[in-house]
Amino acid sequence: WGLLLLTVALGLGGTAAARCPGPCICDNLRSQVLCLNGNLTAIPRTIPQLTKKLDLRGNSFTVIPVGAFLDTPYLTHLDLQRCKVERLEEGAFRGLGRLVYLNLASNSIALLYQESLDGLSSLQQLILEGNRIEEIQPGAFGHLGSLTVLDLRANALVYLPDMVFQGLQVLRWLRLSHNALHVLGSEAFAALPALRRLSLDHNELQALPSEALARLDGATRLDLGHNPITYIAEEALAMASLKHLFLDHAALQDVAPDAFIHSPQLHTLDLRENQLRGLPPLAGSGGLARVSLAGNPLLCSCLLRPFRDWLTRARVQAEGSCTAPPALRGRPLDSLRPPEMRCGRPLPLPSPTTPLEQSRVAGSGQCPQGCACSPDFRHGSCENRDLREIPRGFPGDTRLLDLRRNAFRVVPPGAFPGLKELVSLHLQSCGIGALQPGALQGLDNLVYLYLTSNRLSTLSAAAFKGAPQLAYLDLDHNAFTHLPVGTFQLLPNLISLHLQHNTIRELGEGDLAGAGGLRWLYLAGNTIKRIAPTALAPTKMLEKLHLEGNCLVEVPTSALWGLPVLSELKLSRNPIKHVGDGAFLPVASSLQHLYLDNMGLERISPGAFTGLGPKIRSLFLESNKMSNIPNMSNFTGLEILNLRDVPFHCDCQLLPLRRWIDKLNLRVGATCGSPTEARGLKVKLSTTFQTCPGWRRGEAGGASPDKTKAATKPSKKKRSGKSPARSFKKSRA
């Protein structure tokens with residue numbers, strides 16, 4: 001890099017070098033700029049105009065404003081991973097008509113608006129993995145006519161509305177794994193003529209979304225594993241080009257004989273790790289070459305003979321082995337001979353009742369005066385109309401109803417008659433002070449309810465009567481001083497609960513009673529001082545717990561017992577001065593992401609991280625006051641470690657940490673706060689360790705010199721042919 005920067009400076013003069021922002025590295029020969037982990041809070045304005053690849057990973061932008069990249073119109077690759085982005089303003093990427101790759105993974109984006117991605121007409125890959133996206137407004141991808149890969153994995157999606165992917169005419173791979181999807185509009189995939197692969201694994205689908213999938217004539221691979229699907233019904237899958245179907249690790253108990261009769265190209269069928277005791281001969285599957293049944297409790301009796309005979313006739317390879325009867329236990333399917341498959345006492349194979357198809361109510365009625373109704377998207381909107389009462393008369397097939405920014409004050413009983421198909425209801429900023437009992441009566445399919453920025457201070461369980469499918473409840477920015485006790489008793493499917501920026505003072509015993517299916521609990525920005533030891537006990541499925549910006553003075557260790565799958569814990573911006581031994585022991589087996597930043601933390605006990613180890617992927621400790629941290633050598637799975645703005649005392653006691661940091665292939669940002677001669681230096685560059693017992697001559701190897709030294713250091717080596725990305729990955733700071 002030193003030779004490279006020198007070459008750039010000599011070849012292009014001082015102008016290009018001067019334009020390179022302070023914390024960045026500019027490679028004008030390759031038209032690349034790196035600004036990694038630089039604590040930037042705004043997009044630098046002095047990036048060279050001709051830059052093609054811009055890497056901004058690990059900064060703190062929060063919002064990407066309108067026209068943020070107008071000064072760099074030649075960009076083709078933009079990486080914004082781990083930048084704490086919460087919102088993309090409409091028009092944020094305007095002017096980037098040449099961009100082909102955009103990575104926004106591992107941020108905190110919750111909603112995609114219609115114009116959020118405007119201006120990206122050449123974009124081919126969009127990565128939004130690991131955000132908090134709970135809803136996508138139809139039209140959000142309408143300007144991405146060149147997109148071939150869309151990655152929405154590991155978000156919080158519960159519902160996909162009709163035509164949500166409209167405009168993606170050349171999309172080939174749609175990745176929706178690791179969400180919480182359990183409702184798909186029948187036309188959700190209708191506008192994807194070029195799609196070849198759809199990944200829907202690790203969701204909450206309880207039945208095959210037959211109508212939605214039937215629109216995918218060209219798809220060749222479908223991933224549906226890890227969904228609680230129990231039965232594949234007659235003619236359930238009509239995908240003319242499908243070749244590979246993955247239904248592994250589901251809850252399948254039976255498959256109808258003609259389930260795949262309308263998928264004639266099917267070649268591979270993966271049914272591993274289900275609850276199948278057998279299969280019937282599969283009609284119309286002439287192209288099928290392989291069926292995997294490994295990990296199923298197969299009953300190899302006479303009842304399985306027809307399937308075994310069919311395998312032989314159709315020359316289909318089958319994987320799997322018998323569980324019963326005892327005489328055949330462990331025998332591979334393909335080794336069985338028909339005379340061995342006997343029935344001493346006929347036992348019918350379980351065949352669950354086919355789930356009834358819900359009748360689809362046709363749209364009827366006119367749109368209320370002053371409102372707009374879209375029959376194509378089945379949306380209704382009366383946003384910002386200064387309405388005093390909730391309007392009635394929307395079409396009966398309305399799926400999304402937007403009533404934001406009105407002045408309703410109260411939501412009375414039966415406020416939404418005839419809207420049994422409604423999935424998403426927006427009531428943000430309506431001055432609502434009361435949600436009366438029966439207010440949601442009749443909303444049988446409601447999944448999303450947004451009540452953000454209202455005046456609610458209490459709720460009763462009766463308010464949610466008649467909305468049993470509610471999965472996402474947003475109560476941010478209201479007037480709650482405590483959790484509304486008993487509210488969740490009638491919400492068995494609640495997955496995500498937002499109560500951020502209220503004035504909740506404590507979590508008491510029984511506050512979350514009935515919320516047994518809750519996965520994500522957001523309580524940031526309250527005034528919580530205490531969490532009762534059993535307050536979180538009902539939420540055994542909790543995966544994310546956000547408590548940042550409260551008034552906790554210690555880690556709520558006792559309240560973490562009984563949370564066996566908690567993977568993310570945020571305690572940032574709490575006045576916790578000391579983390580004691582075993583603080584995270586209750587969740588040590590599952591925790592992956594831990595946030596302890598900006599707390600004024602002064603001391604971490606040597607045993608504070610007891611039990612934590614290779615599972616930890618990210619640890620945030622920046623902006624604290626401790627001078628040392630415990631041994632973390634067993635944190636071998638770390639992908640992110642932030643130690644910026646921590647005043648480390650760089651003496652011999654810190655030598656183990658310095659050696660460990662030197663081995664990490666990560667930018668951690670650790671600097672010395674003392675002694676005076678080392679203040680401000682990176683820990684790994686400080687010379688104070690050279691006087692320590694056991695210091696080995698030349699141990700500083702691998703430490704990167706600063707840019708000035710690099711630019712003046714001569715080198716006789718030839719430039720390597722390694723890609724810039726690989727070189728950057730190997731550099732450590």
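The model itself is predicted. This briefing covers the annotated stretches, the cavities, the aromatic rings and the charges over rings.

**Annotated stretches**
- Residues 19-53 are 3% helix and 20% strand.
- The end C-alpha atoms of residues 19-53 lie 16 Å apart.

**Cavities**
- Rolling a probe the size of a water molecule over the atoms shows where empty space is left.
- The model has three cavities of 30 Å³ or more.
- The largest cavity holds about 40 Å³ of space.
- Its lining includes Ile43, Pro44, Arg45 and Ile47.
- Ala68, Phe69, Asp71 and Thr72 also line the largest cavity.
- By class, five of these lining residues are nonpolar, one is polar and two are charged.
- Arg45 and Asp71 are in the lining, and both residue types count as charged.

**Aromatic rings**
- A pair of aromatic rings is described by the distance of the centres and the angle of the planes.
- There are 11 aromatic pairs in the structure.
- One aromatic cluster is formed by Tyr159, Tyr448, Tyr450 and Tyr472.

**Charges over rings**
- Which ring does the charged end of Arg132 sit over? That ring belongs to Tyr522, and its centre is 4.7 Å from the charged end.
- The charged end of Lys570 sits over the ring of Tyr595, at 4.6 Å from the ring centre.

Definitions and conventions
Residues are numbered from 1 along each chain as its sequence is written. This is a predicted model: local features need pLDDT of at least 70, side-chain atom pairs count only at pLDDT 80 or more; totals for chains, interfaces and linings use all residues. Side-chain values use heavy atoms; hydrogens and water are left out. On a 1 Å grid over the protein atoms alone, a cavity is a set of points where a 1.4 Å probe fits but cannot get out, and a pocket is an open set with protein on both sides within 12 Å along at least five of seven lines; lining residues have an atom within 4 Å of a point. Grid points are joined across faces, edges and corners, and a volume is the space filled by probe spheres set on the points. Rings of Phe, Tyr and Trp (its six-membered ring) pair if their centres lie within 6.5 Å; planes under 30 degrees apart count as stacked, over 60 as edge-to-face and the rest as tilted. A charge sits over a ring if NZ of Lys or CZ of Arg is within 6 Å of the ring centre and within 35 degrees of the ring normal. Helices (H or I, at least four residues) and strands (E, at least two) are DSSP runs, numbered from the N terminus.
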